[in-house]
Amino acid sequence: MSTSTDQIFQDKVLGHPAGLFVLFFTEMWERFSYYGMRAILVIFLTGVVTGDNPGWGWSTPAALSLLGTYAMFVYLTPLVGGWLADNKIGYRTAVVIGALLMTLGHASMAIETPLFLYIGIAFLILGNGFFKPNMTSIISKMYDGHDEKKDGAYNIFYMGVNAGAFLGIMLCGWVGEKVGWSYGFGLAGIFMLLGMLQFYYAQPLFGDIGSKPQNERKDLIDDLVDNKSKDEKTAVKLNTFRPIDYLLIGIFTLSALIFIINDPLSQIGQINTLNFTIAGMKDSLFFAVLAAVSFILLLIIRIPRYTKIERDRMIAFTIFCLFTVFFWAAFEQAAGSLPIYTRDFTDRFLEGNAANIFKLIDLIVTVVPLLIITYVLWSLFRQTFSRIGRSNIILGFSFLIVWAIVIFKLYTEYNDTSTEVPVTWFAILNSLFIIIFAPLFTKWWDSQYNPPASVKYFLGLFLLGVGFAFLAFGARNLPAGAETATLSMAWLVFAYLFHTLGELCLSPMGLSYLSKLVPARMIAVMFGVYYLAIAIGNKLAHSVGAEVENITKEYSLSTFFLIFTIVPIAIGVVSLVLHPLLKKLMHGVR
């Protein structure tokens, strides 16, 4: 493989292989489509059914139930897609299949009927499973033998992630709110298709990286055992899966599927397929608890089979996964309850100097990042046009569309006498703040002041709670049952700022500590545990977020946000208190 990667490094853009930037733009368009669709889904579903751009008038619990189930599957299907790519079809084929399925999903949602909405969501879930895990796998293979370049490569790649989120939320959000919801959903699909085509026609840059795996693979366990000492052989054999392991995995999988499918069925269609109560728990809750118990039992049974150091480190990682659940359960309010808060409780109408200042800010935050990305595009063109001309032409055409929409958007907003800030505009702040602050956090982590894992988790959860504290403080004077208000936009800006700072402290830590704490033969299983933690956090986020109207009616909107203030900070304090124990369990890993 080293020969192949050496050849790939011959065509460089900004010091890295040109293929990295093909992946950069492919991921950018996928994130464009994902975040663009997600930005408008809830406000479309819960929007009033009258007016020039009507929504569907769904209840908040129904909309967030669908979003929660979708988000949960988004983090579970990559486990299957990654396995298929590793063992059957190869990374590149998986990426193309995933992108095509997601294109069909966005196209289906643009039709705006319930049937095609569900078909579209299903396609997006399946497509994401093929796409999501395999882009980073291609990068990993591309940099075999060039480990010193990997950190920079992933930083560039994740800038593409945030660039896509930024552009997708901004353009799909604006088009969906100002022009029509179906156009917003359709726009996400157009760029997903263009991203897939530019990747497909750029294959010559990758050589044999990510191609279909060879059939001659040996059985992994036998290979490991043949090459290890007696003690290591015993450890490997002890950790193969046993019948009890498979039984618990089966119970967990079946229970989880019943829960996450039955929940939206009952909330959206009032289809109670499992109408019973066991031990005081109604159907969905019972299966959720059964899934949780079976999974905990699986960990309890498996982890003690390892050597002491491996066992301790995996326990530490499992604790970090629990913190991760609580973090995402609060953070993902950004896709559920926060858009509803922005629409119904925030004063988004500006006049006079305030309107002019906003238009100037909007111009700067729109054009400057796009100019930077266009420069990267031009650098790629200069280096690769002779080899992947069709890919470059498709990519260039996609940027012409982006610039056309941006110019039309800015022209329309400039000539509009009344300025109403779109609901989705605030969601771009997360990506914008990441782009601004990520380099500072990278320098912090690389310095002598790099804090231990427990402190990073504390900071992430604490800053997240502070962000919600601003929202709780801003809504402190609203009475119970309030349905609308004109609260300052400043509270949202502060909330997104502190949420992003918390994300930068905690979010990158999961995969980093996965690679440091988990033995190589268990990476896949614990990767599944980590993704499962994020999936549970996403589902929990929208299950709790669906209670925003009930809590506001019975108590107040401020009380709702206080829940997300107190719980993350309390969990963060737990992380800090557990520092001595976690340090001991990690056995020297920082």
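Residues are numbered from 1 along each chain as its sequence is written, and side-chain values use heavy atoms, with hydrogens and water left out. Because the model is predicted, local features need pLDDT of at least 70 and side-chain atom pairs count only at pLDDT 80 or more, whereas totals for chains, interfaces and linings use all residues.

Helix α3 spans residues 60–89 and helix α10 residues 243–268; helices are DSSP runs (H or I, at least four residues) numbered from the N terminus. The axes of α3 and α10 come within 8 Å and cross at roughly 155°, where axes are lines fitted to C-alpha atoms, for helices over the stretch in contact, and angles run from 0 to 180 degrees between N-to-C directions. The two helices, α3 and α10, are therefore roughly antiparallel to each other, a term applied to angles over 145 degrees. The crossing of α3 past α10 is left-handed, meaning that the near helix is turned anticlockwise from the far one by less than a right angle.

On the α3 side, Pro-61, Ala-62, Ser-65, Leu-66, Thr-69, Met-72 and Phe-73 meet Leu-257, Ile-260, Asp-263, Pro-264, Gln-267 and Ile-268 of α10, contact being defined as heavy atoms within 4.5 Å. By class, this contact comprises nine nonpolar, three polar and one charged residues (nonpolar: Ala, Val, Leu, Ile, Met, Phe, Trp, Tyr, Cys and Pro; charged: Asp, Glu, Lys and Arg; polar: the others, Gly among them).

Gly-82 also lies in α3. With a relative accessible area of 13%, Gly-82 is buried (under 20%; exposed is over 50% and partly exposed in between, with a 1.4 Å probe and protein chains only). Beyond its neighbours within four places in sequence, Gly-82 is in contact with Gly-129, Pro-133 and Asn-134. Phe-441 is 359 residues from Gly-82 in sequence, and their C-alpha atoms are 30 Å apart.

Ser-391, in helix α15 (residues 389–415), is likewise buried, its relative accessible area being 0%. Residues up to four places away in sequence aside, Ser-391 touches Gln-198, Tyr-201 and Ala-202.

Positive phi values in residues other than glycine occur at Glu-112, near 60°, and at His-587, near 50°. Glu-112 is located in the loop between α4 (91–109) and α5 (114–142), and its relative accessibility of 26% makes it partly exposed. His-587 is found in the segment after α23 (579–586) and, at 29% relative accessibility, also counts as partly exposed.

Notes: Parallel < 35°, antiparallel > 145°, perpendicular 65-115°, else oblique.
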